Structures are given as structure tokens and as C-alpha cells.
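Welcome! Keep your viewer open and your selection tool ready, and let's walk through this model stop by stop.

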Amino acid sequence: MKDYLEALQYYLSLPQWAIDRILFVDNSDGDLEPLSDLVRHLPHDKDVELISFAGNDHPYQRGKAYGEFKLLDYGLANTTLFRSDDIVWKTTGRLKFLNLPEMIERSRGLRFDVLCDLHNVPGVGSGAWHDYQHMDLRVFAFRVRAYDLMLRDIWRTREVGLDGGFMYRHMRQHQCPGLRVIPRFPLQARLQGISGRHQRDYMSSSQRAKDAFRAVARRITPWLWL
């Protein structure tokens, strides 16, 4: 809960030109009163909606992405915050997306309906050695109508293998005319927090070195998706 509170406080502090609405969705049917108290008492300029539901009732073997897209479906179906043409930036609720305003500013000139970040280096993700494109599911952006057309109910179709590689292949195969999927961020995303899967500190010296190297690689070797 401390992680969630600190992350929410960070997002509430961001400039309104970057973020003017926040939808927080919890799938453990947990008590959101500490988060509600924060939203009520902390001065901010955002419209905020907090949703909790019992959506964690599936076998863990189905993977993180299964529950995550189930959660996204529920949140988008039950929120009053978004219209079909709005752009939503999805991030993990315990993590701080430290350069989100800069990412949004750099992305304004891109014509996209889904903006994600891919890796295609062997050993990253599943470790496949060819035809490998793995989507980072921690952070990505989408237009609501594009999500409805390409990603809604996807968790219902797969009991296993719902990972970043499958997600990107699915979007390419089901891309609707007029919708544009951009597979690389214009900047290296900088995250703060602890990975729930690997317990990795995203601000450790080794992780910051990786992020710095990847940031440079985006500029000088844009074809190398680390």
C-alpha cells in the first residue's frame, strides 16, 4: 500500500497539461480507503476515479498479462473519465513513470492509436533467436477506441501464452484500417519502484546503467531494440 500511495501522490503532482485524469484500478477487491483519503486531502488538479473489483480469481499459471488485461477491460468498461478518442497512458500502479511528462510531450507529434515499446534482441523476454518482438507491458499508451477494437476481451481467448510477444503479434494481425500502432517510444522510459515479478529495483545502479545505455542506443542504433 505504501508503494501505491507514493506512486499515486507522484501522479497527482504531475502538471495538468500532461495528466488531467487518473483511473486507478485494483483487481484484488481491496480496501482503497487509504488511497481515497490521499485523493481527498492532497491538493491537486486531477479528476480521479478509484475502482476495486474481485478479478484475481484465476490460476496464477495464466500469467500476469492475463490478469492485467482483465483489469484493463473492467476499468475501461466502468469508468466515466474517458471518451473513445482519448489517449490513455497505462502504467503499473506501484511504479513511478519518472519521465512521463517528457514522454507525452515528445509523443504529441506522433500520429498513433497504440504506442508501445518493443524489444527484439535475443535473450530479452522469451529468448527467441529469430522473428522475436516483445512488447513491454509495464507502460504503453492507447486510444480508447483502438483498445476496444484490438485488445478488449483478449484475455478471454488465451489461457496461456498471453505475453508481450503474443500481444504485439495480435495487434498486427487484428489492426483495423486507419489505426496506427507505433512499436517504439521516442524516449527510454525511466521507472522507479520494485518489480513485482523479479523484485528488481528499477533505480539500482545496474538498472540505471542499462537504461542509460538503451537511451543512447535509441539515438545512435535505432534499429537495435534493446
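There are 19 salt bridges here, where a salt bridge means a side-chain nitrogen of Lys or Arg within 4 Å of a carboxyl oxygen of Asp or Glu. You are looking at a predicted model, in which local features need pLDDT of at least 70 and side-chain atom pairs count only at pLDDT 80 or more, while totals for chains, interfaces and linings use all residues. Residues are numbered from 1 along each chain as its sequence is written, and side-chain values use heavy atoms, with hydrogens and water left out.

**Stop one: aspartate 113 and arginine 145**

Select these two residues: they form a salt bridge, with their closest N and O atoms 3.7 Å apart. Aspartate 113 sits in the loop between helix H4 (100-107) and strand S5 (114-115), and arginine 145 belongs to helix H5 (residues 144-150), so the pair ties together parts 32 residues apart in sequence. Helices (H or I, at least four residues) and strands (E, at least two) are DSSP runs, numbered from the N terminus. Is aspartate 113 buried or exposed? Aspartate 113 is buried, at 5% relative accessible area, whereas arginine 145 is partly exposed at 33%. Buried means under 20% relative accessible area, exposed over 50%, and partly exposed in between (1.4 Å probe, protein chains only).

**Stop two: arginine 184 and aspartate 117**

Next, pick arginine 184, whose salt bridge to aspartate 117 has its closest N and O atoms 3.6 Å apart. This pair links distant parts of the chain, 67 residues apart: arginine 184 is in the loop between strand S9 (181-182) and strand S10 (191-192), and aspartate 117 in the loop between S5 and strand S6 (118-119). Arginine 184 is buried at 15% relative accessible area, and aspartate 117 is buried at 4%.

**Stop three: a network**

Now select Asp20, Arg21, Arg83 and Asp86 together; a network of salt bridges links them.

**Stop four: histidine 58**

Move to the loop between strand S2 (47-52) and helix H3 (64-78), where you will find histidine 58. Histidine 58 is buried, with 14% relative accessibility. Which residues does histidine 58 contact, leaving aside neighbours within four places in sequence? They are Tyr66, Gly67 and Lys70, with contact meaning heavy atoms within 4.5 Å.

**Last stop: glycine 93**

Finish in the loop between strand S3 (87-90) and strand S4 (96-97), at glycine 93. Glycine 93 is partly exposed, at 30% relative accessible area. Show glutamate 6 as well: its C-alpha atom is 9.8 Å from that of glycine 93, though 87 residues separate them along the chain.
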